[in-house]
Amino acid sequence: MPSHTLIQDGRAHDAARFSDPSDLSALDGNETIDVLHIANDADLDALAPALGRVETILIDFPAYTDGRGFSLARQLRTKYGYDGLIIADGPLIPDQYAFALQCGFSAVHIDDETLKRHTIEDWNAALDDFDLTYQRGYAVKNGPATSVFDARLTALDERKAADPFFGHSAELTLRKAIKKYQGDIVLATSMGVDSAVLLHMVSRIDKSVPVIFLDTGKHFRETLAYRDELVERFGLTDFRNITPDQAEVMAEDPDGSLHDREPDACCDLRKVRPLDRVIHGFGARITGRKRYQTPQRADMPILEKGGAQAKVNPLAYWTAKDVTQYLRQHNLPPHPLLALGYLSIGCQPCTTRVTAGEDPRAGRWRHSDKTECGIHMVDGKWVSSESKATFEAF
Ligand code: SF4
């Protein structure tokens, strides 16, 4: 397969050329793909299985009068759920810039010839000339939480430099983490309403990644059935069901009512200590936490340091809608209690339904100010954010 160097915003990238939709060899294997350059009539169905491995897609625009690239970008966003960077590559004109962003493009590649005709200022001025508020744009999920309308042409590289995960899809982040920590990374799952997302992604990358479930002895039977269903469906080969130390349970919670009297102590007995016994043997841990879930998670980076361990939060920037969209796109089974009004599910005694309009986590430890079980703290404190950390730095 021929390759070439792409110059984008004054920087050179090695780019795989993928102009022939019938040639899928660039997508063979399991490696991540930095830049995928596709023709504007590419077969997206054929590309779909590999999209999670691609950081940036360039779409050819042979002429500014050829609008097929716009449709392609929109389909990548809406039908295929692609949330990496999409860049238009060709002789677009400034008047098309706003429309390109609305269709899901992250930026437009401007070559030297185009720049002679239209300066960067022309492009940004054209963006300001259009009223974009009547249509929804597409913000890149795994990046700074800014509107796509702030995405000025010259800012893309700066944003990538400021945040190494900007534009990364969750699956791409996960792939890089699993590769970096091969054999030394673990996924801890609650088997809750959105657990199927990460379990599915992990199974697509490496089914042998260890997956840990804290079987507290207090779960809904529906959660345990869901656990069994997902493990079998995804073919996970190193699933570990972790239970509390029975001697400790007999000593500290002999009648099983500790959750009523001292929920923090109960979580410590049934979650924190059992997890501690196994998790610290790993160099990195994958979590499904998201920024929108609690105030404590609002600034959570994709990669953070938890004591001596790296924590990878591939879904940090996801919303509840993103989860729903992913489950639907991949035809994944919902948690059986979701339809009954349980939007966030933990142990049975500490989980209630939520009513319409309530915060999804309002049903957890209701009538208490407790919001977390403590498994994401280090020495009782929240770990500090390392928003600019890279895997290489860990
Ligand atoms: S969530 Fe409730 S039952 Fe489960 S470990 Fe914590 S306090 Fe105990």
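**Walking through the model**

Author: This is a predicted model. In the protein, 67% of the contacts with a separation of 6 or more are between residues 24 or more positions apart.

Reader: OK. How many helices and strands does the protein have?
Author: There are 13 helices and 14 strands.

Reader: And how much of the protein is buried?
Author: Buried residues are 39% of the 394 residues.

Reader: Different topic. At what angle do helix 7 and helix 8 pack?
Author: The angle is about 55°, and the axes of helix 7 (residues 170-180) and helix 8 (residues 195-205) are 10 Å apart. Helix 7 is therefore oblique to helix 8.

Reader: Why give both an angle and a distance?
Author: Because two packed helices are described by the angle between their axes and the distance between the axes.

Reader: Is the crossing of helix 7 and helix 8 left-handed or right-handed?
Author: Right-handed. On the helix 7 side, A170, E171, L174, R175 and I178 make the contact. Helix 8 brings M201, V202 and I205 to it.

Reader: And by class, what is in that contact?
Author: The contact of helix 7 with helix 8 has six nonpolar and two charged residues, and no polar ones.

Reader: What about the backbone? Which residue has a positive phi although it is not a glycine?
Author: M191 is one of them, with a phi of about 55°. N331 also has a positive phi of about 55° and is not a glycine either.

Reader: Why pick those out?
Author: Because most residues other than glycine have a negative phi.

Reader: Where is M191?
Author: M191 is in the loop between strand 7 (185-189) and helix 8.

Reader: Is M191 buried or exposed?
Author: Buried, because M191 has 25 C-beta neighbours inside 10 Å, and 20 or more count as buried.

Reader: Then where is N331?
Author: In the loop between helix 13 (320-329) and strand 13 (377-378).

Reader: Buried or exposed, for N331?
Author: N331 counts as exposed, because it has 7 C-beta neighbours inside 10 Å, and the cut-off for exposed is 12 or fewer.

How values were computed
Residues numbered from 1 in each chain as written. Predicted model: local features only at pLDDT ≥ 70, side-chain atom pairs only at ≥ 80, totals over all residues. Axes fitted to C-alpha atoms, helices over the stretch in contact; angles between N-to-C directions. Helix = DSSP H or I, 4+ residues; strand = E, 2+ residues; numbered from the N terminus. Parallel < 35°, antiparallel > 145°, perpendicular 65-115°, else oblique. Left-handed = near helix turned anticlockwise from the far one by under 90°. Contact = placed C-beta atoms within 7 Å. Nonpolar A, V, L, I, M, F, W, Y, C, P; charged D, E, K, R; others polar.
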